[in-house]
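Opening the notebook on this one.

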Amino acid sequence: MAQQKGITVTTMWRSPVAMDDLADADLTEFTVVAVDDTIGTVDRRSLVPEFDHLVVDAGVWKFGRSLAVPVGMISSVDAERQVITLSCTKEQVKEAPQFARDQDTGDPSYLRQLGAYYASLSDS
């Protein structure tokens, strides 16, 4: 199973080096892929203080729902092809805590739960 070693609840929310050149870029519509399959497209980047994450439109495989992915899960970004690659599997993303309302992506309680889930992947 793919996992990123050394990810913690704290580092989960920090932009990886792969995004340094894209700090101010509009990532909307970038394709998001896991190590094993496509997840969807970036709906927006949510710069909640201490909880930087992407909101991804997962399309039909997640029944039209969006999901949140902490930027610490990004392993690479190909700006030319507009592809963001995550360091986890599609199944792991699918199993992550889902938000019920769009406002939840700004809720520190939900984001802490999400961060704990993704950080636990590096322990398995």
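I started with Thr-31, which is partly exposed because its relative accessible area is 27% (buried is under 20%, exposed over 50%, partly exposed in between, with a 1.4 Å probe and protein chains only). A caveat for my own use: this is a predicted model, where local features need pLDDT of at least 70 and side-chain atom pairs count only at pLDDT 80 or more, while totals for chains, interfaces and linings use all residues. Residues are numbered from 1 along each chain as its sequence is written, and side-chain values use heavy atoms, with hydrogens and water left out.

Thr-31 sits in strand β1 (strands are DSSP runs of E, at least two residues, numbered from the N terminus). I listed what Thr-31 touches, skipping residues up to four places away in sequence: Thr-38, Gly-40, Thr-41, Gln-82, Val-83 and Ile-84 (contact is heavy atoms within 4.5 Å). I also checked Thr-31 against Val-42, 11 residues along the chain, and got 6.5 Å between their C-alpha atoms.

Next, the rings. I pair Phe, Tyr and Trp (its six-membered ring) when centres lie within 6.5 Å; planes under 30 degrees apart are stacked, over 60 edge-to-face, the rest tilted. That rule gives three aromatic pairs. Trp-13 and Phe-51 are edge-to-face, because their planes stand at 75 degrees, with centres 5.1 Å apart. This pair links distant parts of the chain, 38 residues apart: Trp-13 lies in the segment before β1 (31-33), Phe-51 in strand β3 (residues 51-57). Both Trp-13 and Phe-51 are buried.

I noted Tyr-117 and Tyr-118 as another edge-to-face pair, 5.1 Å centre to centre with 75 degrees between planes. Tyr-117 counts as buried at 19% relative accessibility, and Tyr-118 counts as buried at 1%.

Methods: Helices (H or I, at least four residues) and strands (E, at least two) are DSSP runs, numbered from the N terminus.
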